[in-house]
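Subject: Handing over a structure, with notes on its salt bridges

Dear colleague,

I am passing on the structure we spoke about, together with some notes for you to read beside it. Please look through it first, and then compare what you see with the remarks further down.

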Amino acid sequence: MKNVMLTIMIAVTLVTGAASAQQVNRPLATEGMQSLQMNTLNVSRVHTRAMRDFLKRDKTASNVDWMIVETGFVAKYTDENNSNCRTVYNNRGDFVYTIRQYYENKMPRDIRHIVKSVYYDYTITLVEEIEETRRPLVYVVHMEDATTLKNVSVCEREMEVMSEYMKSEP
């Protein structure tokens, strides 16, 4: 039950986080995605500008899977640290954002210190690093303790609670 609640919470956070990080009128919908395999001719449907930018930006990407969505293109892949990543481009092939997901052991020390100095009894279950053009990095840290699930964002050394949920009794 705990794993199901955590999975649902992460999925909701990812969907709402993607919509707020994108800051456009329409959220980047995940339904209707068409997967494009790298070894087929369909990958030619990805905008050239997006493909060039991706190859420069993420030189160590592996297991790349391109998808076409209503508002553009999404590249899902793993990076050199085995982090799960998504890089999003708009219909013109312009970079929108990248989200990297990893665990506490790969978290930058200064960000970990900011979070753990306040929430020292919490276990960090997932970290999402959000990179946007001309904006500072944002870290969304997912945590839990015995009774609470909590998501905080850290940006420019400022921490803010995004959401907090009480765990149900078994």
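Predicted model: local features only at pLDDT ≥ 70, side-chain atom pairs only at ≥ 80, totals over all residues.

A search of the whole structure finds 11 salt bridges, and I describe some of them here.

I would begin with R57, whose side chain takes part in a salt bridge with D53, at 2.9 Å from N to O. Both residues belong to helix α2, which covers residues 48-57, and because they are 4 residues apart within that helix, about one helical turn separates them. The side chain of R57 also meets that of E131 in a salt bridge, here with an N to O distance of 3.4 Å. Since R57 lies in helix α2 whereas E131 lies in strand β6 (residues 123-132), this pair ties together parts that are 74 residues apart in sequence. As for accessibility, R57 is partly exposed, at a relative accessible area of 29%, and E131 is likewise partly exposed, with a value of 22%.

A further salt bridge joins the side chains of K150 and E164, with 3.3 Å between N and O. Here K150 is in strand β8 (residues 148-155) and E164 in strand β9 (residues 158-166), so that the pair ties together parts lying 14 residues apart in sequence. Are the two partners buried or exposed? K150 is buried, with a relative accessible area of 7%, which falls under the 20% limit used for that term, while E164 is partly exposed, at 44%.

The C-alpha atom of I68 is separated by 9.7 Å from that of Y89, although the two residues are 21 residues apart along the chain.

Notes
Residues numbered from 1 in each chain as written. Heavy atoms only, no water. Salt bridge = Lys/Arg side-chain N within 4 Å of Asp/Glu carboxyl O. Helix = DSSP H or I, 4+ residues; strand = E, 2+ residues; numbered from the N terminus. Buried < 20%, exposed > 50% of the residue type's maximum accessible area, 1.4 Å probe, protein only.
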